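Hello,

Here is the structure I said I would pass on. My notes on it follow below.

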Amino acid sequence: MADWDSHDHPDDLAERKMRFLFALRSRGVTDSRVLTAMERVDRGLFVRGTFADRAYEDMPLPIACGQTISQPSVVALMTQALAIHPRDTVLEVGTGSGYQAAILAHLARRVYTVDRYRRLVRDAADLFRQLDLANITAIAADGSFGLPEQAPFDRIIVTAAAEDPPGPLLAQLKTGGIMVLPVGQSDAVQSLIKVTRTDHGFDYEELRPVRFVPLVEGLGSE
Ligand code: SAH
């Protein structure tokens, strides 16, 4: 049945998508590869239920298991800070909706993404199959321990906030590798930081204030 509600009108959708990309540029997303990846992944597929029609707005939205899909401009800025090369293997901690992983999959050779909720991992894996994103492996696990069997990684992105960068994740980063993550108290302002592993240790750069759900120990109940 055709539904001529304005939200479903194709021109309206195209316009909303154009505004979406414009918003990213105006927030400092300049890397053309990142912008192309953001353009190719339809955020509308990753937001379900009542909030679906707000998918092209630059705001975080609720998803299942009491979690959130991040704000698109933050997804894009974190992806840009990772400076991914086409041959890289990337670990994402915090699959959530799967949106960030889908963006990464367009830029990297291989993406591993983990979440503590089996339900989120299952739903995200279904979407990856539907979108033919065969280079993503989604796993239910406590990501604060990383993925020792697949380590080391060229890039690591954490989309939940810890007080400090988890030691196992630092250990699983290759020399020359980059990790981007929010750090700080979960109920206070957090900082997005970029950690680069050098021959001698780790360099830390503070990028901007952010707000993420906390990194929580152990597997979730769902
Ligand atoms: N990147 C997601 C947003 C993630 S929200 C997206 O694009 O939609 C943060 C996610 O981190 C939540 O789904 C939460 O369940 C997960 N998380 C929190 N602590 C975790 C841990 N220790 N290991 C793995 N995932 C964790």
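The largest pocket has a volume of about 530 Å³. Please keep in mind that this is a predicted model.

The lining of that pocket consists of 35 residues, and those closest to its centre are Thr68, Thr159, Ala160, Phe212 and Val213. Two or more lining residues come from each of these elements: strand E2, helix H3 (72–82), strand E3, helix H4, strand E4 and strand E9 (202–210). Sorted by class, the lining has 17 nonpolar, 12 polar and 6 charged residues.

The ligand sits in this largest pocket. Its shell draws two or more residues from each of four elements, namely strand E2 (68–69), strand E3 (89–93), helix H4 (99–105) and strand E4 (110–115). In total, 28 residues surround the ligand, and Ser97, Asp115, Asp142, Gly143 and Val216 are the closest. By class, the shell divides into 12 nonpolar, 12 polar and 4 charged residues.

- Aspartate 115: an N or O atom of its side chain is 2.6 Å from an oxygen atom of the ligand.
- Valine 216: a polar backbone atom is 2.7 Å from a nitrogen atom of the ligand.
- Glycine 94: a polar backbone atom is 2.9 Å from a nitrogen atom of the ligand.

How much of the ligand does the protein bury? Taken alone, the ligand exposes 580 Å², and 99% of that is buried by the protein.

Next, the second largest pocket. About 180 Å³ of space lies in it. It is lined by 13 residues, and Phe46, Arg48, Ile63, Ala64 and Leu120 are the ones nearest its centre. Which element gives the most to this lining? It is helix H5 (residues 118–130), with 4 residues. The lining of the second largest pocket has 8 nonpolar, 3 polar and 2 charged residues.

The peptide bond that joins alanine 151 and proline 152 is cis, with omega at about 5°. Proline 152 belongs to the loop between strand E5 (136–140) and strand E6 (153–158).

Cysteine 65 has a positive phi, near 60°, although this residue is not a glycine. Its place is the loop between strand E1 (61–62) and strand E2. Strand E2 is also among the elements that give two or more residues to the shell around the ligand, and it does likewise for the lining of the largest pocket.

The backbone details to check are the cis bond between alanine 151 and proline 152 and the positive phi of cysteine 65.

Regards

How values were computed
Residues are numbered from 1 along each chain as its sequence is written. This is a predicted model: local features need pLDDT of at least 70, side-chain atom pairs count only at pLDDT 80 or more; totals for chains, interfaces and linings use all residues. Side-chain values use heavy atoms; hydrogens and water are left out. A residue is near a molecule or strand if one of its heavy atoms lies within 4 Å of it. A polar contact is a pair of N or O atoms within 3.5 Å; within protein, one must be able to donate a hydrogen and the other to accept it, and residues adjacent in sequence count only if both atoms are side-chain atoms. Accessible areas come from the Shrake-Rupley method with a 1.4 Å probe; for residues, only the protein chains shown count as cover. On a 1 Å grid over the protein atoms alone, a cavity is a set of points where a 1.4 Å probe fits but cannot get out, and a pocket is an open set with protein on both sides within 12 Å along at least five of seven lines; lining residues have an atom within 4 Å of a point. A molecule sits in a cavity or pocket if more than half of its atoms lie within 2 Å of its grid points. Ala, Val, Leu, Ile, Met, Phe, Trp, Tyr, Cys and Pro count as nonpolar, Asp, Glu, Lys and Arg as charged, and the others, Gly among them, as polar. Grid points are joined across faces, edges and corners, and a volume is the space filled by probe spheres set on the points.
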